[in-house]
Amino acid sequence: RTLLLGIPLLHVLNEAQASAVIGHELGHFSKRHGRMGHWVYRVRLAWSVYLYAAAHDDEDSIDRMRRWVARLFLPGFIHRSSVWSKQCEYEADACAAEVAGAQHILGGLARMQAVDQFFATGYARAVARCQQTDMNPPADYWAWVNQLSIAHAQAAPHTAPPLRRPPPQ
């Protein structure tokens, strides 16, 4: 097994969060999630083409048959495999919590989500503003990304539903 980590990931996480993320990924290795996970991913991807793509007038009978099979087979497969995938994630999270502590895996996940959201919705504007004020790139690019992604996350409305506690008994 080989675990590849991108330099950007290591720049946006602190040491404890990076340890937790690495512990999570190694948890997948130790629980042998990859064998089934790769197969599930490939099946979902291959058959999703037929389930979600629009039908065309020039389709041949084989493509129509594949689309029919996908409509029958894929929703149930996605449902069942999603349950398994979530279980794998919980097991890997438990490994990460054992290695680095639950607060660090949660902090790492929140940090990665904030940076991902910044790159998806705020990065282009931030670069444009930076270029308008100074033609030189930031002296420490990743410090700049970290600072702006934190500000972006604090300014963005929270779209996740609030966690609900079970009713008291």
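Which residue forms a salt bridge with D63? R66 does, with the closest N and O atoms 3.5 Å apart.

## Model and confidence

This is a predicted model, in which local features need pLDDT of at least 70, side-chain atom pairs count only at pLDDT 80 or more, and totals for chains, interfaces and linings use all residues. Residues are numbered from 1 along each chain as its sequence is written, and side-chain values use heavy atoms, with hydrogens and water left out.

The chain has a mean pLDDT of 86. Here pLDDT is the predictor's confidence in each residue, from 0 to 100. A value of 70 or more is reached by 92% of the residues. Residues 161–169 have pLDDT below 50. Beyond near neighbours in sequence, that stretch makes 0 contacts in the model. A contact means heavy atoms within 4.5 Å.

## Salt bridges

The whole structure holds 2 salt bridges. The term covers a side-chain nitrogen of Lys or Arg within 4 Å of a carboxyl oxygen of Asp or Glu. Take R66 and D63 again. Both sit in helix α4 (residues 61–100), 3 residues apart, so about one helical turn separates them. Helices are DSSP runs of H or I with at least four residues, numbered from the N terminus. R66 is partly exposed, at 34% relative accessible area. D63 is also partly exposed, at 22%.

E59 pairs with R67. Their closest N and O atoms lie 2.4 Å apart. Is E59 buried or exposed? E59 is buried, with a relative accessible area of 12%. R67 is buried as well, at 10%. The classes are set by relative accessible area: buried is under 20%, exposed is over 50%, and partly exposed is in between (1.4 Å probe, protein chains only).

## The largest nonpolar core

The largest nonpolar core has 11 residues: V12, L13, A18, V21, V115, F118, A126, C130, W142, W144 and V145. Such a core is a set of buried Ala, Val, Leu, Ile, Met, Phe, Trp, Tyr and Cys residues joined through side-chain atoms within 4.5 Å. Two or more core residues come from each of α2, α5 (102–121), α6 (123–133) and α7 (141–155). Helix α7 gives the largest share, 3 residues. In soluble globular proteins, nonpolar side chains tend to be buried together.

L13 lies in the loop between α1 (7–12) and α2. L13 is buried, at 7% relative accessibility. Leaving out residues up to four places away in sequence, L13 touches A18, V21, G108, R111 and M112. With the same exclusion, C130 touches N136, P138 and W144.

## Surface patch

Which residues form a nonpolar patch on the surface? They are L3, L5, I7, L10 and L26, with about 380 Å² of accessible area together. Areas come from the Shrake-Rupley method with a 1.4 Å probe, and for residues only the protein chains shown count as cover. Patch residues have over 30% relative accessible area and no salt bridge; nonpolar side chains (Val, Leu, Ile, Met, Phe, Trp, Tyr) are joined within 5 Å, like charges within 9 Å.

L26 belongs to helix α2 (residues 15–30). Its relative accessibility is 40%, so L26 counts as partly exposed.

R32 is not a glycine, yet its phi is positive, about 60 degrees. Most residues other than glycine have a negative phi. R32 is found in the loop between α2 and α3 (33–52). R32 is exposed, at 55% relative accessibility.

## Distances across the fold

E98 lies in helix α4 and is exposed, at 72% relative accessibility. The C-alpha atoms of E98 and H24 are 9.6 Å apart, while 74 residues separate the two along the chain.

S30 lies in helix α2 and is exposed, at 53%. S30 and T133 are 103 residues apart along the chain, with their C-alpha atoms separated by 49 Å. For L13 and V40, 27 residues apart, the C-alpha separation is 29 Å.

G107 is placed in helix α5. G107 is partly exposed, at 21% relative accessible area.
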